[in-house]
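Good morning, and thank you for coming. Please look at the structure on the screen while I go through its packing.

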Amino acid sequence: MLHCLMKTKKHVLQSKHGRRYEASIHRAYVSGVRTAENFVYIENQYFLGSAHTWFEKGSPRCNHLVPVEIALQICGMIEKGRRFTAYILVPLFPEGDPCAPHIQEMLFWQTKTMTMMYKKIARAIKKADIDAHPCDYLNFFC
């Protein structure tokens, strides 16, 4: 099992609207995904993002890179003929009332994120002309 310890240097960014936000955890995730050799394992309360890569217009501004970086790492390994798997653990329902509108909306966008990842991997498998399924490379668990 690969263990990776990353020191996070506080990294504050400023949006074009003047809002400041802390991005060191995001940068650590991206760095970890990019340098992983065999697999990544992520546990998180929410798993959504990379909205700029979704296959439809009108996506929300949820543009952090972790989901697309995972998908691109898998696609790159498929292209090289190497095995790479992502294991992502999320709760079936986040904390709170599962019927609440804000929870349902978050689950909707999380599904869009997962769909984008599986579609990218499916295209890489097809391009590599291998007998595989996207679930051989990307697994979500509750």
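I begin with Phe-47, which touches Val-66, Pro-67, Ile-70, Ile-88, Val-90, Gln-110, Thr-113, Met-117 and Phe-140, leaving out residues up to four places away in sequence. Contact here means heavy atoms within 4.5 Å. This is a predicted model, in which local features need pLDDT of at least 70 and side-chain atom pairs count only at pLDDT 80 or more, whereas totals for chains, interfaces and linings use all residues. Residues are numbered from 1 along each chain as its sequence is written, and side-chain values use heavy atoms, with hydrogens and water left out.

As for confidence, pLDDT is the predictor's confidence in each residue, from 0 to 100. The protein has a mean pLDDT of 82, and 75% of its residues reach 70 or more. Over residues 1-11, pLDDT stays under 50, and the model has 17 contacts beyond four places in sequence for them. Where pLDDT is low, the predicted coordinates should not be read in detail.

The protein has three helices and five strands, in the order β-β-α-β-α-β-α-β along the sequence. These are DSSP runs, numbered from the N terminus: helices are H or I with at least four residues, strands E with at least two.

Which residues have the most contacts inside the largest nonpolar core? They are Phe-47, Ile-70, Ile-74, Ile-88, Met-117, Ile-121 and Leu-138, in a core of 27 residues. By nonpolar core I mean a set of buried Ala, Val, Leu, Ile, Met, Phe, Trp, Tyr and Cys residues joined through side-chain atoms within 4.5 Å; buried means under 20% relative accessible area, exposed over 50%, and partly exposed in between, with a 1.4 Å probe and protein chains only. At least two residues of this core come from each of H1 (24-35), S3 (39-43), H2 (66-80), S4 (85-89), H3 (101-128) and S5 (138-141). H2 gives the most, with eight residues. Another core, of six residues, lies apart from it and includes Ala-100, Met-106, Leu-107 and Trp-109.

Now to the helix pair. H1 and H2 pack at an angle of about 5°, their axes 9 Å apart; axes are lines fitted to C-alpha atoms, for helices over the stretch in contact, and angles run from 0 to 180 degrees between N-to-C directions. H1 is therefore roughly parallel to H2, the term for angles under 35 degrees. In this pairing, His-26, Tyr-29, Val-30, Val-33 and Arg-34 of H1 meet Val-66, Glu-69, Ile-70 and Gln-73 of H2.

Finally, Gln-73 is buried, with a relative accessible area of 15%. Gln-73 touches Val-33, Arg-34, Ala-36 and Phe-84, again leaving out residues up to four places away in sequence.

Terms used:
Angles under 35 degrees count as roughly parallel, over 145 as roughly antiparallel, 65 to 115 as roughly perpendicular and the rest as oblique.
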